[in-house]
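Here is a short report on one protein model. It covers charge pairing, nonpolar packing and strand pairing.

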Amino acid sequence: AAVKLKVAGVPEHFNAPWHIARDRGLFAKENIELEWNDYPGGTGAMTKALNDGSTDIAVLLTEGIVKDIATGGSSKIVGVYV
């Protein structure tokens, strides 16, 4: 069975590689079922989604996730996406 992965990000051009890779079947080829969700509310909305389990990973601003972690959030920074 494919691994289901819920990814959050803002609806901006810099997230295009995620959409292109999904649309070309690159995630499916690796047995990953990618579900992309736009969060127009930005980093604050995505940190909330991470903490309540609505998303598995998020492409967000470093300052916002550091603040969330510093104030008790359970998220972890696993990489940098520039």
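## Salt bridge

R22 is partly exposed, with 31% relative accessibility. D23 is exposed, at 59%. Here buried means under 20% relative accessible area, exposed over 50%, and partly exposed in between (1.4 Å probe, protein chains only). R22 and D23 form a salt bridge, with their closest N and O atoms 3.2 Å apart. The term requires a side-chain nitrogen of Lys or Arg within 4 Å of a carboxyl oxygen of Asp or Glu. By that rule the count is 1 salt bridge.

This is a predicted model: local features need pLDDT of at least 70, side-chain atom pairs count only at pLDDT 80 or more, and totals for chains, interfaces and linings use all residues. Residues are numbered from 1 along each chain as its sequence is written, and side-chain values use heavy atoms, without hydrogens and water.

## Nonpolar cores

A nonpolar core is a set of buried Ala, Val, Leu, Ile, Met, Phe, Trp, Tyr and Cys residues joined through side-chain atoms within 4.5 Å. The largest one has 7 residues: V7, W18, A21, F27, L34, W36 and V59. Two or more residues come from each of α1 (16-23) and β2 (32-38). Helices (H or I, at least four residues) and strands (E, at least two) are DSSP runs, numbered from the N terminus. A second, separate core of 5 residues includes V10, Y39, M46 and A49.

L34 contacts L5, V7, W18, R22 and F27 (heavy atoms within 4.5 Å), leaving aside neighbours within four places in sequence.

## Strand pairing

Strands pair if DSSP finds at least two bridges between them. β1 (residues 3-9) and β2 pair in the parallel sense over 7 bridges. K6 stands opposite E35 in β2. β1 also runs parallel to β3 (residues 57-58), joined by 2 bridges. There, A8 has A58 as its bridge partner.
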